[in-house]
Amino acid sequence: MAAQETQATQQSSVSNGEVSSNGAAASDQVAQTDATALDPQQQQQQQQQPNAWQVIKGVLFRIFIIWAISSWFRRGPSTPDPNTPAGAPRVPSRNLFPKDTLMDLYVYISENEIFTDFNNTEALFWYQQDLVYGDWTTGESGDGCYEHYQELDLSESLKQNGSIYIHLYFTKSGFHPDPKRKGQYRRLSTVHATRMLNKYKRRKFLKTKNLLTGETEADPEMIKRAESHGPVEIISHWHPNITINIVDDHTAWVKGSVPPPLDQHVKFDAVSGDYYPIVYFNDYWNLQKDYYPINDTLQSLPLRLTYCPLSLWRWQLYAAQSARSPWNFLGEDTYEQSDEDQDSVKVALLETNPYLLGLTIVVSIVHSIFEFLAFKNDIQFWNSRQSLEGLSVRSIIFGVFQSLVVLLYILDNETNFVVQVSVFIGLLIDFWKITKVMDVRLDRENRIAGIVPRLIFKDKSTYVESSTKIYDDMAFKYLSWLLYPLFGCYAIYSLLYVEHKGWYSWVLSMLYGFLLTFGFITMTPQLFINYKMKSVAHLPWRMLTYKALNTFIDDLFAFVIKMPMMYRIGCLRDDVVFFIYLYQRWIYRVDPNRVNEFGTSGVDRSKDSPAQPAAADTTPAITDKSEGEKKND
């Protein structure tokens, strides 16, 4: 099926749902369009295409939908309808086309959404007689499938972003779909379905330039179109392949009880209560990159129609995959981005080894469980933390800065709404951690501008009184010697060689790119503190273990599935840091005198020295040990 649907198509490049080039018709006509490719510098500003490993986890949610749908099929007898007398149960319906019914197929192509011109022979695209409902053995390849190819004339209205529709009719043999033909038309013997063949997609123009010279490498024609059409232009697109499926199903559906999203396709007759055969326009394997714009350079539109029977189980899969989110407030942009995400899943299904794909799904489930456990243990650790001895508070504060930069960057680049919400929740959690590592209070006496209370941040006593603060300041001092030169060089490079929308976008993209490249360095202050204190008992090891396992899983698939090299390097450098943590845990053996993450130690000093005053019971800082004790550690 996939091989048939890729035939007669010349691919065009699409960047994140935004059209950057056009395609060509299957009739060997090379169509040149004014929708030229976006400049490479502009593409750097776009969100990167999601890779298969990141998107494959979305399949798990769809598997859950399929399971939920299947559970509906296995339920008991229909529930009583309170609107009927005495609460009589609803009567199950039957398929109006019994098994092995002889059918005729009529396919009309028209620019009108409602079709009535049955006498127009030019509108009749395909007529196929004596199809057998539920037959899987006939056809050109012996699989019950038939195919028809023809090129459509391109009218001026279609070149001007007009629409074109396919009108499909299945009739029992001997009947005609025209209601005006008395004696040849019968309502219960005719199945009708309509769909728009072209697809409207948004193309966004990014007005970027070099901030120093004011010049841009974008195509001048694209700049003119941006000035005339605005920042967003809606363009009609075409794909030459579509499959017509009629579902081989005789389930006793109950009207009003068909679960979504299947209820959108099961049509009941208002009089008899029975349902028509389910007709499904299947374009699941039509990748977004294979669509090309309809414009003046095209002379005709190739169209290849394939008719095939479809089992109920496979139809459930297609319906669940194609179902739209009920969150209508997310807008059409989210739907377009969802289509791009599904493309990654489709490519993974087509190109990935089945055994590797199955392993990916299993490991994805484990990966999701580890992510949840890491999140849970991280919250529990900071919520129950009593002492900050041995923990890098500056790293927590820098983490808030990182999350804020990422959030502002994805907002400036109009990233997926779900990603925005996820990053925003992460930022709120980082802000919450600030309240756990510092004393935060409102100063109502010294207000800002005499109106807004001033926020006062103060280090906790367990952080100041120990040697942790000294080591933390020392670590970031040494770290600044490396980070500041790297930051300056990256900022100069971004300003000289990368185009931006403005100075604000330059600051965000420069900070985001720098943190993405060198952000792992901020994990090293904790290593320095561990080295100076000769202890790792204060670390949240459960959370670190779960995160490390997730990183190892990412490593495995980063080198199995095609991914950017920077992503692979990022996984590898995180592993290096964690292995250093493991090495420190091995060389710094367990010491009962150390204070753990709850501020307690394994020694009850009140029993060892009862004569000591109460102040002497306080556990001394780890760094106050003698050199001999440290060597013994």
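How far apart do the end C-alpha atoms of residues 478-497 lie, and what is the helix and strand content of the span? Select that stretch: the ends are 30 Å apart, and the span is 100% helix and 0% strand. Helices here are DSSP runs of H or I with at least four residues, strands are runs of E with at least two, and both are numbered from the N terminus.

Before moving on, some ground rules. You're looking at a predicted model, where local features need pLDDT of at least 70, side-chain atom pairs count only at pLDDT 80 or more, and totals for chains, interfaces and linings use all residues. Residues are numbered from 1 along each chain as its sequence is written, and side-chain values use heavy atoms, with hydrogens and water left out.

**Stop 1: the annotated spans**

Now colour residues 355-375, 391-411, 417-434, 478-497 and 503-524, which an unreviewed UniProt entry lists under "transmembrane region". The positions are given in the numbering used here, feature names are shortened, and such annotations may be inferred rather than shown by experiment. Zoom in on residues 355-375: the end C-alpha atoms lie 30 Å apart, in a span that is 100% helix and 0% strand.

**Stop 2: α10 against α13**

Show helix α10 (residues 393-412) with helix α13 (residues 468-497); their axes are 8 Å apart and the packing angle is about 55°. Axes are lines fitted to C-alpha atoms, for helices over the stretch in contact, and angles run from 0 to 180 degrees between N-to-C directions. The two helices are therefore oblique to each other, given that under 35 degrees counts as roughly parallel, over 145 as roughly antiparallel, 65 to 115 as roughly perpendicular and the rest as oblique.

Contact means heavy atoms within 4.5 Å. Sorted by class, this contact has two nonpolar, one polar and three charged residues.

**Stop 3: the three-stranded sheet**

Next, bring up β8, β9 and β12, which form an open antiparallel sheet in that order. β8 and β12 are the edge strands, each pairing on one side only. Two strands pair if DSSP finds at least two bridges between them. β8 (residues 199-204) is joined to β9 by six bridges, and Y200 has S236 as its bridge partner in β9.

Switch to a surface colouring for β9 (residues 232-238): five of its seven residues are buried, meaning under 20% relative accessible area, with exposed over 50% and partly exposed in between (1.4 Å probe, protein chains only).

**Stop 4: the four-stranded sheet**

Which strands make up the open sheet with mixed pairing? Select β5, β13, β10 and β11, in that order. β5 (146-153) and β11 sit at the edges with a single partner strand each, so one side of each has no neighbour in the sheet. The twist averages 25° from one strand to the next. Four bridges hold β10 and β11 together in the antiparallel sense, and T243 stands opposite N282 in β11. Helix α7 (residues 312-322) packs on this sheet, touching β10, β11 and β13 (300-311), and its direction makes about 130° with that of β13.

**Stop 5: I278**

Finish on I278, in the loop between β10 (241-248) and β11 (279-282). Is I278 buried or exposed? At 1% relative accessibility, I278 counts as buried. Beyond its neighbours within four places in sequence, I278 is in contact with residues including I246, V247, W253 and W315. Also pick V191: its C-alpha is 8.7 Å from that of I278, although the two are 87 residues apart along the chain.

Definitions and conventions
Nonpolar A, V, L, I, M, F, W, Y, C, P; charged D, E, K, R; others polar.
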